Amino acid sequence: MHNLDSTIQQKRDRRRMFADLRFRAYGIFGLLIAGSALLFLLVNIFSTGYDAFRQTVITMEFNIDADVLDVSAMPSTEELQEANTLKVAKNSFYALFPEVKKRKNKRSLYKLISLGAELDLRDHIRLQPESIGSTVTLTVPMSSDVDQYFKAGLNGEEIKSRLNEKQKAWLQTLVDNGQVTTRFNTDFFTHADSRYPELAGIGGAMVGTMYTLLICLLIAFPLGVAAAIYLEEFSRDTFLTRIIEANINNLAAVPSVIFGLLGLAVILNVFGLPRSTPLAGGIVLALMTLPTIIIACRSAIKTVPPSIREAGMAMGASPIQVIFHHVMPAAMSGTLTGTIIGLAQALGETAPLLMIGMVAFIANVPSMPNDPATALPVQIYLWAESAERGFVEKTAAAIMVIIVFLIAMNLLAVILRNRTRISNK
Amino acid sequence: MNSLLTLLIAMSLTFLSGFRGWYRANSESNLRSRPIYHGLNHGLWVALPMLAVSCLWLVSDSLIIKPSVLSVLTQNSTQLLVDADFRYLEITQAAQGLISASSEAALDEDTKRAVAHYLLTRQNTDNGILLLIIASGLLGFRSVVRRFKSSTPAREQVERIVKILLAASSGVAVLTTAGIVLALIFETLRFFQQVPFTEFLFGTHWSPQMAIRADQVGSSGAFGALPLFAGTLMIALIAMMVAVPVGLYSAIYLAEYAQPKVRTYAKPALEILAGIPTVVYGFFAALTVAPLIVDICRAMGMSASSESALAAGLVMGVMIIPFVSSLSEDVISAVPQSLRDGSLAMGATKAETIRKVVLPSALPGIVSALLLAFSRAIGETMIVVMAAGLAANMTANPLESVTTITAQIVTTLVGDQSFDSPKTLSAFALGLTLFFFTLMLNIIALRVVRKYREQYA
């Protein structure tokens, strides 16, 4: 009887074994899909963005003529403000191509150079007024179209360059002369936003983000820790306490765009805080981060062994003294871990900042938290929406910067968490 | 600068008072509390009145400055412009230098006078409040100094104040929720005064027009939000179709099959997906995924919009994978080992055990994980703003452009808007709807989780 069934049995066993393997394969497949999506995303952005860290520049001579500048021999600061540096830059560049005579051609010739050339020249003259009347050699940025074309290896096919054939020929001459090179793009980190892709940088946005996060931290950390201490150590299980707890859990799951509405209706329109500022943005983000910090701090307080509390009490310390002298120091690294994770979330948050007006085009670096500013993720959004193709690599580069920040913050959190584990043992 | 000065003055007053309390206590004998508590007590009695008074600054704008500025405007111009709120916004922005030079030149005399008046009132009010703050600090100082005795129970007093402060801090979360709910309801009611409730919920045409001034012709658009609900639902469903299988199978593999070493690396790697800012996903969807979909569809002979629901949904799905996998893994791991052992002892294979025993008992937890992921997908903003487009199409075709609740909230509110126009108010009505739906989903999910926990307690 048993022998007769065994072939059927074997077949069924094999089928079941394959089903088991298949199920396991699905699991691996799922993980692989998630992993490759992550990899695809990162590779895609890094390969688009890394070029933005290089800047195409031209080294050329500028003939700083006082007559062309339209200033006296020893000009005052105001006079220099009015100086016609554009004409100097243009004349010096035209001097490289004496054969170009027509106005139309000259205009398209000068399109190879960025507006930044004139600004750099102006800076140079301001710092060294004695160079007026002499010839100086400066390295200045070229225009965004040239930048893209040059970085693509002088191959217009790939990137559908907007340069015309004449411009390409001129550029080729400059490249053959060895005047065109690339250098590390420091402007990208120091400049604020600009209409010109080759001049736009994330300096302003980084300062804005820094102020915003600072205000967020200053508000959310003390409030969050205080609320966590109260809920964990003092509150009795009353109706009110339960409402507060349910509230905090729900607040953690409210979509960020709703916090933007809150910011707009209450913080801007009722309280009248200045629009577009890191001050208003920081307050909105603080309200968003608060639940994260409270939840993290509460679970950190929970892990402090009761023996520490009891020892403190036995020595005659009051409950407040026990908490501030013994419990909180022990719970601090857990709290800080939660705070850093909350701040990392706030760092990437875009929608609420859009709604309180931090999308304004701001061309200078903010100096105070109540100056109009933009933030790094908002800058990414602004550039991503821009039609100018030169901004694509800038956007990806800004994303690389924000991802580096996020990784740094998360590493810090992991290190802190590991240190807690060791010290608790 | 003024606010920084105020802060500096307040901090130095607090510090001076605290130092004085500490110093004086040090010179006494037979103290009941240690000198540091006398110092803290002195500091708190100066800082807290100042903090309370500085709250005035928050309401000063709407209570003092705004009425005063609006009263300066001549009757003529306020009649001409129905919307006082919009007028005020314009004035404050001009005063803060937030408008472009060309529109600044276009301001009429009346507005210019109002701007000057605004700046003056603002400065006067700020100075007044600064004086009040200093006065309140000095009053607090006087009262605490007068009460000083060596027998003052300074520690008990400080601890009482600290306890009150702790309790007040935990109230901030409640205040935030209250602020959200009140602001949303208040503005939504104003919206429904101008647009009928039924039109909003059941209307199929959405085109809030760009009405900057209330007196412009054709300022009332159509506010049927059904296409937005449909678009939101479609994108969220596409996202779930990506995230549920991938996330669930990853969770099963990690919880049941994977070596501990694989788990320690794979789990954080999955969570990176949740940590990437959504604006990055939006950029990725718009720049890479959407063109890819257009190309694939063209190769297959179909036409896809460059801003398709599919692109946004797919990328959003990738984003919410960790929400599904992380929570599901936790509940799968929480299933008691005895259930697995029993099933394996009956001769079931591992896959059969998982499918027939582990998953059914983890089901409530998994369902709540899915609900939370779904609510995340509904509330997600930047991906849809950047990749799904703004055209309110009522369509079932995922290759077409649709718009969502969140995308409309952002686009109606970005840029200068009259605060009374139905267009702006519609964002709050949409916000209330969104808040209500996500709240419901979260409450249900948390309920389910709690019930499940009790089962194995």
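Two residues are taken to be in contact if their C-beta atoms, placed from the backbone, lie within 7 Å. By this criterion, 74% of the contacts in chain B with a separation of 6 or more come from residues 24 or more positions apart. The model discussed here is a predicted one.

Of the 457 residues in chain B, 44% are buried.

Chain A, for its part, is assigned domain 1 (2–50), domain 2 (53–185) and domain 3 (203–424). Between the C-alpha centres of domain 1 and domain 2 of chain A there is a distance of 59 Å.

The two chains meet at an interface in which 73 residues of chain B are in contact with 78 residues of chain A. On the side of chain B that touches chain A, the element that gives the most is helix H7 (residues 154–194) of chain B, with 19 residues. The composition of that side of chain B is 46 nonpolar, 21 polar and six charged residues.

One part of this interface can be followed helix by helix. Two packed helices are described by the angle between their axes and the distance between the axes. The axis of helix H12 (residues 239–251) of chain A comes within 9 Å of the axis of H7(B), and the two cross at roughly 60°. Because angles of 65 to 115 degrees count as roughly perpendicular and those under 35 degrees as roughly parallel, H12(A) is oblique to H7(B). The crossing of H12(A) and H7(B) is left-handed. From H12(A), the residues Ile243(A), Ile244(A), Asn247(A), Ile248(A) and Leu251(A) meet Ser170(B), Ala173(B), Val174(B), Thr176(B) and Thr177(B) of H7(B). The residues of this contact comprise six nonpolar and four polar, with no charged residue.

Phe405(A) is located in helix H19 (residues 390–424) of chain A. Is Phe405(A) buried, exposed or partly exposed? There are 17 other C-beta atoms within 10 Å of its own; since a residue is buried with 20 or more and exposed with 12 or fewer, Phe405(A) is partly exposed. The C-alpha atom of Phe405(A) lies 8.8 Å from that of Leu347(A), although these residues are 58 residues apart along the chain.

Key. Residues numbered from 1 in each chain as written. Chains lettered and ligands numbered in written order. Predicted model: local features only at pLDDT ≥ 70, side-chain atom pairs only at ≥ 80, totals over all residues. Helix = DSSP H or I, 4+ residues; strand = E, 2+ residues; numbered from the N terminus. Nonpolar A, V, L, I, M, F, W, Y, C, P; charged D, E, K, R; others polar. Axes fitted to C-alpha atoms, helices over the stretch in contact; angles between N-to-C directions. Parallel < 35°, antiparallel > 145°, perpendicular 65-115°, else oblique. Left-handed = near helix turned anticlockwise from the far one by under 90°. Domains from an automatic or database assignment.
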